[in-house]
Amino acid sequence: MSSLVNGFIKRLDTCPAGTAGWRQFETLCLEILEYLFVPSLINHGPQVSSFSGIDRRDAIFANRNLGATTDPLLRNWYTLYLELQARMIVFEFKNYEKETVGKDEVNQTRNYIKKTMGKLAIIITNKPVDDSAKTQRNIVYNQEEKVILFVTKDKLKEMLYMKERGDEPSDLIMQLLEQFYIQHE
């Protein structure tokens, strides 16, 4: 394993949970996402606010892969653009101490997904996702056709291993989307 990937995993494993480590977790997740997905996606930086300042998203990555391609680094992002109009992908980072990710976090993220961005957001969490979050994201999809995917620390590590092996980490994003479509009711 490369020292870079090993370092990311060590930092994920030792990042303090809760308010003591929220900034560290956010910074680390941004670094990992850049390593995994740039230059296929463009990072617009941390704590991206709307014009009024009402909405402050943890991160937004632009998807400029708007044309058909056979490039394995780009084809998943193009597919996400076609299926979900995922022009801008919202990432939310949840570094909780005790609680799990629930329906409130899904609703918060739902509100961050605007028409101009598309219909995809990803919550990265250090804790499990409870059933109320999964139920709520089904409701969000039924009402607004917005998809919210959950990426745990283990899934983030899996994407790092994929990149290390020369595989495309966005394949895991596609797998999570397909799992969502299969379980959706």
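Me: In which loop is the place of E145?
Reply: The model is a predicted one. Helix α5 covers 131-144 and strand β5 covers 147-152. E145 therefore has its place in the loop between α5 and β5.

Me: What is the phi of E145, and is E145 buried or partly exposed?
Reply: Most residues other than glycine have a negative phi. E145 is not a glycine, yet its phi is positive, about 60 degrees. Its relative accessibility is 47%, so E145 counts as partly exposed.

Me: Where does Q85 lie, and what is its relative accessible area?
Reply: Q85 lies in the loop between α3 (75-84) and β3. Its phi is positive, near 50 degrees, in a residue other than glycine. Q85 is also in contact with L80. Q85 is partly exposed, and its relative accessible area is 38%.

Me: Which peptide bond is cis, with omega near 20 degrees?
Reply: Most peptide bonds are trans. P39 lies in the loop between α2 and β1 (41-49). The cis bond, with omega near 20 degrees, is the one from V38 to P39.

Me: How many residues of strand β3 are buried?
Reply: In a regular strand the side chains alternate between the two faces of the sheet. From β3, M88, V90, E92 and K94 point one way, and I89, F91 and F93 point the other way. Residues on both sides are buried, so β3 is largely enclosed by the rest of the structure. The number buried is 7 of the 7.

Me: What is the bridge partner of K94 in β4?
Reply: Strands β3 and β4 (residues 120-125) run parallel and are joined by 5 bridges. With helix α4 (residues 103-112), β3 and β4 make a right-handed β-α-β unit. In β4, the bridge partner of K94 is T125.

Me: What is the reach of helix α6 from its first C-alpha to its last?
Reply: Helix α6 (residues 153-165) has 13 residues. At 1.5 Å a residue, 18 Å is expected. The reach in the model is close to that, at 19 Å.

Me: What covers the buried residues of α6?
Reply: Residues three or four places apart in an α-helix point the same way, because there are 3.6 residues a turn. In α6, the buried residues are K153, L156, K157, M159, L160 and M162. Their cover includes α1 (3-14), α2, β4, β5 and α7 (170-183).

Me: What is the phi of G166, which follows α6?
Reply: G166 comes after helix α6. Its phi is positive, near 90 degrees.

Me: How many disulfides are there?
Reply: A disulfide needs two cysteine sulfur atoms within 2.5 Å. The cysteine sulfur closest to that of C15 is in C29, 7.8 Å away, so it is too far for a bond. C15 is buried at 10% relative accessibility, and C29 is buried at 0%. The count of disulfides is 0.

Note on methods:
Residues are numbered from 1 along each chain as its sequence is written. This is a predicted model: local features need pLDDT of at least 70, side-chain atom pairs count only at pLDDT 80 or more; totals for chains, interfaces and linings use all residues. Side-chain values use heavy atoms; hydrogens and water are left out. Contact means heavy atoms within 4.5 Å. Buried means under 20% relative accessible area, exposed over 50%, partly exposed in between (1.4 Å probe, protein chains only). Helices (H or I, at least four residues) and strands (E, at least two) are DSSP runs, numbered from the N terminus. Two strands pair if DSSP finds at least two bridges between them. A crossover is right-handed if, with the strands pointing away from the viewer, the path from the first strand over the helix to the second runs clockwise. The expected span of a helix is 1.5 Å times one less than its number of residues.
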